[in-house]
Amino acid sequence: MLRTHCNHLKALLALPLLLVLATGCKKEFDTPPVRSIPQGSVVTIAQLKAMYQGLPVHFSDTAGAVNTVYAVVTADEQNGNLYKNIYVQDHTGAIAVRLLASGGLYQGDSIRIYLPGTVLSPYNGLMQIDSVSADNNVVKQATGVSVAPRTTLINELTAANFGLGGPLQSMLVKFNDVEFAASDTGLTYANAVTQQTMNRTLENCGGNTAVVRSSGYANFAGQHLPTGKGPFTGIASWFGSAAQLYIRDINEVQLTGPRCGATPSCAPVASLSEDFSSVVGGQAIALDCWKNTYTQGSVAWRGNVTGNDRSAEARLSLGQASTMWLVTPQLIFSPSLHLSFSSAKVNWVSNGLTVWVSTNFTGDVASATWTQVNGATIAGQADADNTWVPSGSIALSGILPSGFSGNFVVAFKYQGDAANSTTFRIDNVQVN
Amino acid sequence: MQRPYTMPDRRSGRPAFLLPVLALALLSSLHAFAQQDTSRSAIRDSSLLRTLPDTTTTQQDIRAGSYSVEASDLDADIAGQDVSGILRSSRDVFNATAGFNFGAARFRVRGLGGEYSTVSLNGVPMNDLETGYASWSLWGGLNDVTRWAETHTGVSASPYNFGGISGWTNIEMRASQLRRGTRLSYAFSDRTYSNRAMATYNTGLMANGWAFSLSGSMRWSNEGYVPGTFYSMGAYFLSAEKKINAKHSIGFTGFAAPSVSGRAGLAVAEAQTLTGSHYYNPSWGWQDGKRRNANVSNDNKPVFILSHYFKPDERTSWNTSVLYTFGRDGYTALNWYDAPDPRPDYYRYLPSYYSDSYPSIAAQLANAWQNDPNTSQINWGQLYFANGKNLYTVQNVDGVQGSTITGMRSRYIVEDRRADPTMITANTVWRRTLKDQLTLTLGGSFQSQKTHYFKVIDDLLGGDYWLDLDQFASRDSDNPNAAQNNLEEPNHVVRKGDTFGYDYDIRVREANLFGQVEKKWRKFEGYFGASLTSSTFWRDGHFRKALFPETSYGDSPKQSFMPAAVKAGGVYKLSGREYITANAAYGATAPTARLAYLSPRTRQAVIPDLATEKFLSGDIGYEVRMPRVKGRATLYYINTTDGIWSRSFYHDVYRTYVNYAMTGVARQSSGVELGAEVKLSPTWQLTAVYADGQSIYNSRPTATITRDNSDTALATNRTVYWKNYRIGGMPQRAASLGLRYNAPKYWSLGADVNYFGNIYLDPNPDRRTVEALGNLVEEDPQWNDLLEQTKLKDGYVVNLFFTKTWRLKRKYRIGLNLTVNNLLDNTDLITGGYEQLRYVPKEIDKFPPKLSYMYGRTFFAMLTLSF
């Protein structure tokens, strides 16, 4: 009796084990073969924009037709200021891209846009590639590619530059020394509560203005507008007959300095970095807390603009004998400080640029005591015209008196006359 | 402007019998039922004229209530079986019929959910401490050993525990109690599974004092009734018992029912119309020529019970058990980051989204829905494609400065949402019958449960990694760290099998003491019982979420409650064959952790002013046990107050994801249960069952709306005008009439007709507020659109069955069972659904209800060999 039971038992004991084996596993799916996006005839953004001849351009996948454009994403939707909309740029220009669905493309993505299925057409003067699917029309080539903003002045936001057909439309731009208009004081960028989009006015010290447009969904929408003056970076978009600036990253709006017309405090600073990006071509340089003057002749250092490059330039006026001084703000000495800058020359006939330091400069060049800085490499006869020459890093402790503590200034002094008429430029002055 | 007075409560058409202690005859109350209120505020049948789309995942995340239920094999189902399973195992005519025939329509005993019913195994309570209800899927497929459960409906005396107000069930798994023999069966069907094989062997108590029971089963199908569903489930069971001497026995029981199944999702009517099927399932799509389901549940939770049975004398028993269970409970779902919604039935992908503004796009979409499976179902190929080219560089990976990863960042993944339970329970019950027909029962239990909630990557769908960020958090904040799910490991890069998203335990401890006295007189039997429970729960977070750095990590404050309850009842014997019964209970239950936490995935915040729920339950009945007529008629009344309710969903007015919590929720159920089995002749048998009740919300709860991303209150003390709205998701009226012919030659043939009525969709509370009505005047049709509760169509189904038994060599018994359910193939009977919580006050059709239909005609054929 018992024996029979046990025999049955043995057979049945195997049952649970079998069941576990048979049911414990879950079906796994393979990764299917990955589709690829075809590649074909490539155009630049400038060429692409030129294809618009008054009617929307529908791209097709016909063999041989234009179907590809390469670009870098300069503004994405991450901060909520743009929605289903990004900006891309290459070396020839920039364009707005309208997405079918939000998300997936990020600032710094180097992308290939496959155009078939998309439409090129302007909207209120803004050229755009419409109906782009981040999945089906875009391949990412690389990430983290940075595009330097184009330094621009507010009065350059013209229809010729940024309007429909303008070469600069939708580019990433940077304005120096701008501020929000006094009439906007106390306002937020947009209405974060009702999520309404708002326009605000940005202006420079000359009274030129531009519109900054921010979405109520932007993550900075509820922040109050900064009250100071400083650099502003954004996308120069276009609507109707005027430019609209879009902030892509609120940290690129650093309006913290004194407003236009306010007297700068000019307290001594521990370091200095000046790239002269706010200068205006041909106009005397007037940087806060710098001293730009002459002790001979009638002209001082002036702004120079070559392409996108801005610098300070010492150039004679009608061959008039001149001595020009460009003096930095007061710097607090510390033993580790080094000076560096770049210089360039045009039409060399003689060396006219020298660099000096003073520990008792109070605003008058003539009454201060100056010590020459030796050891800086300055553009000379052997260098090509218009080519930047780095000065090298010069330790200031070797130039100022031993054991010195206190404040000092650095001066760039130019001397020339009709016979010694070389033009010099300086840029990227750094003391740190 | 305040004008709550302009919103009258709905008239309930309240019948006359609602008092718990009532002595009115059945007839008068039945008459009362016939008096339906037809005034304007009566609940109108707005049924399914509304056909438009959806979005929120909220409801999909609420596990209960989103799957199909099947009549013949409720154990095959994961949810919804909490109550029906109880019915099914009962021998009471009403309960048995309601279980078999009403389960398909999600009928609930007395309108109550499973949390009001106590389920025990060998006397050990099995209700999940966090949710309150017992999951019958734990022993799904072990029909052979769980078949003979002991079940009582409503408040009653119990030798095991205090019992719930809906009833109690005990399943005895003692090896010595299971009928000796072997049973083998194979079934074939076209319902959730297509094949079932089962084998059971019980030794009974053998001469050496041992008893063994072994059982196992497999159920599987490549595709169930609903397209895209599949089923693969095993079950095994071992019980051993040793009788040490006349007084002591010890037993061990271990079982599990591992299962993997592809689920069916609910859809809006528009999607069902476009695809031409009420069984449209948005959960699957084609991948390499195979149907792949995104929502796959995968559970394996073994249970072990060690028991000591002590019988010091004939009149005394003292049984003590320790139960331990652990394992995995998970279901997969799609997740996505900064990418279009991959669900095919997202409301913006349906033609109706464009029908007003762009009819041509709507037409194109409709065409695609009808002809392109990559539109109407998940487009897996597109998800792989998108993932395979989303080059992305993560900076400061895992919080390590300077560490970067560049690769294909998945925009879409399949994630496995886990709720792995661990529970240990110790239970002891002492019971002694004293000489004077007085039986005393004393018992106590201690339970400790930990449910570990977390997510793991199940499939990166062709990408290289997933970056663990909360995309909704970053939108509302300019804090660059806000999106971090875990500040302890920011910028966490996860791959298959890695934990991400959220990671926390819900821990519950409960201790219970109960006592019961039963006394028998010649014409009357009565009982009295009392129970005291100490319940504590808390949350233990393992992630420090950036949005809630102070309230997401570590142990939360403990929530403790000490509810008590009493019950009493009796039977008066009119004669040996007729009885009058009456039962009542009054007491409280602790709020469940499941409802108490506003958003347990992100933080430890609980509903403000948590309190115990109070209940009052009573029934009075007449039972008859004549040789040719068996039956009962019962009137019941149940009232619960101070309940809580919480859900999370996207709120279109606040335009953010909110946690919606209500306190002061009261429910009331009252009605009648009739069941009769009549032997018309030695061969013909008639069964008639009728249930008619009214389950309503019986208060104006107070709602608090909290922004999910910041735990700031958007609204407090909002009054929800919920009074007299019907509790939805179940038929409040059901009837069954069955006729069976039992041939003398061991075969029988039968048919039954089952009717279901008064089915409502559960009301969305926020639509029933002054705030939702805004400036509408009462004459505006939108006023009613917001307030009306959707009543679904009544319907009926016909079932047919045939059984035949053969005997071979007097030892072997072969049985054949054939069942055809829904013979007339009625595919229009809506048995479930819900009003979406997301709604736009003046565009109520934008997020219409989601619905599920009863299966059409199905069959079930089974062959059994037993010896």
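Into which domains is chain B divided? In this predicted model, chain B comprises domain 1 (1-65 + 626-867) and domain 2 (73-233). Chain A, for its part, is divided into domain 1 (41-142), domain 2 (150-252) and domain 3 (272-431).

**Domain contact in chain B**

- Domain 1 of chain B contributes 43 residues to its contact with domain 2 of chain B, which in turn contributes 30 residues.
- On the domain 1 side, the elements giving two or more residues are β31 (629-651), β32 (656-679), β33 (684-697), β36 (731-743), β37 (747-759), β40 (830-834) and β42 (858-866) of chain B.
- The most is given to this side by β42(B), with nine residues.
- Classified by residue type, the side of domain 1 of chain B that touches domain 2 of chain B holds 20 nonpolar, 17 polar and six charged residues.

**Domain contact in chain A**

- The C-alpha centres of domain 1 and domain 2 of chain A are 23 Å apart.
- Their contact takes 20 residues from domain 1 of chain A and 23 residues from domain 2 of chain A.
- Elements supplying two or more residues to the domain 1 side are β3 (66-75), β4 (85-90), β5 (93-99) and β8 (126-132) of chain A.
- Of these, β5(A) gives the most, with four residues.
- The side of domain 1 of chain A that touches domain 2 of chain A has eleven nonpolar and nine polar residues, and no charged ones.

**Strand pairing around β7 of chain B**

- Strand β7 (residues 210-221) of chain B is mostly covered, with ten of its twelve residues buried.
- Strand β6 (residues 195-202) of chain B runs antiparallel to β7(B) and is joined to it by eight bridges.
- B:Tyr201 stands opposite B:Leu214 of β7(B).
- Strand β8 (residues 230-243) of chain B is also antiparallel to β7(B), the two being joined by twelve bridges.
- B:Met218 has B:Gly234 in β8(B) as its bridge partner.

**Nonpolar cores**

- The largest nonpolar core has 60 residues, of which A:Ile86, A:Val88, A:Ile95, A:Val97, A:Ile113, A:Ala236 and A:Leu245 touch the most other members.
- At least three residues of this core come from each of domain 1 (41-142) and domain 2 (150-252) of chain A.
- Leaving aside residues up to four places away in sequence, A:Leu245 touches A:Leu202, A:Ala210, A:Val211, A:Val212, A:Arg213, A:Gly234, A:Ile235 and A:Ala236.
- A second, separate core contains 46 residues, including B:Tyr349, B:Leu350, B:Ala734 and B:Ile759.

Definitions and conventions: Residues are numbered from 1 along each chain as its sequence is written. Chains are lettered from A and ligands numbered from 1 in the order in which they are written. This is a predicted model: local features need pLDDT of at least 70, side-chain atom pairs count only at pLDDT 80 or more; totals for chains, interfaces and linings use all residues. Domain bounds come from an automatic or database domain assignment. Two residues are in contact if their C-beta atoms, placed from the backbone, lie within 7 Å. Ala, Val, Leu, Ile, Met, Phe, Trp, Tyr, Cys and Pro count as nonpolar, Asp, Glu, Lys and Arg as charged, and the others, Gly among them, as polar. A residue is buried if 20 or more other C-beta atoms lie within 10 Å of its own, exposed if 12 or fewer, and partly exposed in between; C-beta atoms are placed from the backbone. Two strands pair if DSSP finds at least two bridges between them. A nonpolar core is a set of buried Ala, Val, Leu, Ile, Met, Phe, Trp, Tyr and Cys residues joined through C-beta atoms within 7 Å.
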